[in-house]
Amino acid sequence: MSGLDRREAEALRRLRQVRPVVPPELAARAAEEGRRLLRRRRALAAVGWALLLVAVVAFALWAAVAEPWVAPEANDGLYP
């Protein structure tokens, strides 16, 4: 018996077995869990975007105050 035949026989054997009883509330619990995970994912995404916005605003304020693009004053040789 080849490997493919063995796998096929195993699949047929599993399909013919008696299936376990599934609790009737399982689908409702799974749906609620999915909704909760989706709410959590959306909340984390909103927090991430808010943090990114705060970082951009903080950088813009720092750049406006510090003006890092302006060259420092030239040293005229009086200071070592």
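In this predicted model, 1% of the 80 residues of the protein count as buried. The protein has 2 helices and 0 strands. Its radius of gyration is 32 Å, well over the 12 Å that the globule rule gives for 80 residues, so the protein is more spread out than a compact globule.

**Extent and surface**
- Along the principal axes, the C-alpha atoms fill a box of roughly 95 × 40 × 15 Å.
- The protein exposes about 7,800 Å², and carbon and sulfur atoms supply 67% of that area.
- Trp49, Leu52 and Val56 make a nonpolar surface patch of about 360 Å².
- Leucine 52 lies in helix H2 (residues 26–66) and counts as partly exposed, at 45% relative accessibility.

**Charge**
- There are 13 positive and 9 negative side chains, and the centres of the two sets lie 19 Å apart.
- The count of salt bridges comes to 6.

- Glutamate 33 and arginine 36 meet in a salt bridge, at 2.4 Å from N to O.
- These two residues are 3 residues apart in helix H2, about one helical turn.
- Glutamate 33 is partly exposed at 33%, and arginine 36 is partly exposed at 38%.

- Salt bridges that share partners join Glu10, Arg13 and Arg14 into one network.
- Glutamate 10 pairs with arginine 13, their closest N and O atoms being 2.5 Å apart, and with arginine 14 at 2.9 Å.
- Arginine 13 and glutamate 10 both lie in helix H1 (residues 3–16).
- Arginine 14 is exposed, with a relative accessible area of 56%, whereas glutamate 10 is partly exposed at 30%.

How values were computed:
Residues numbered from 1 in each chain as written. Predicted model: local features only at pLDDT ≥ 70, side-chain atom pairs only at ≥ 80, totals over all residues. Heavy atoms only, no water. Helix = DSSP H or I, 4+ residues; strand = E, 2+ residues; numbered from the N terminus. Rg over C-alpha atoms; globule rule 2.2 N^0.38 Å. Buried < 20%, exposed > 50% of the residue type's maximum accessible area, 1.4 Å probe, protein only. Areas by Shrake-Rupley, 256 points an atom, 1.4 Å probe, with all protein chains shown as cover. Lys, Arg positive; Asp, Glu negative; His and termini not counted. Charge placed at Lys NZ, Arg CZ, Asp CG, Glu CD. Patch = residues over 30% accessible without salt bridge, like charges linked within 9 Å, V, L, I, M, F, W, Y side chains within 5 Å. Salt bridge = Lys/Arg side-chain N within 4 Å of Asp/Glu carboxyl O.
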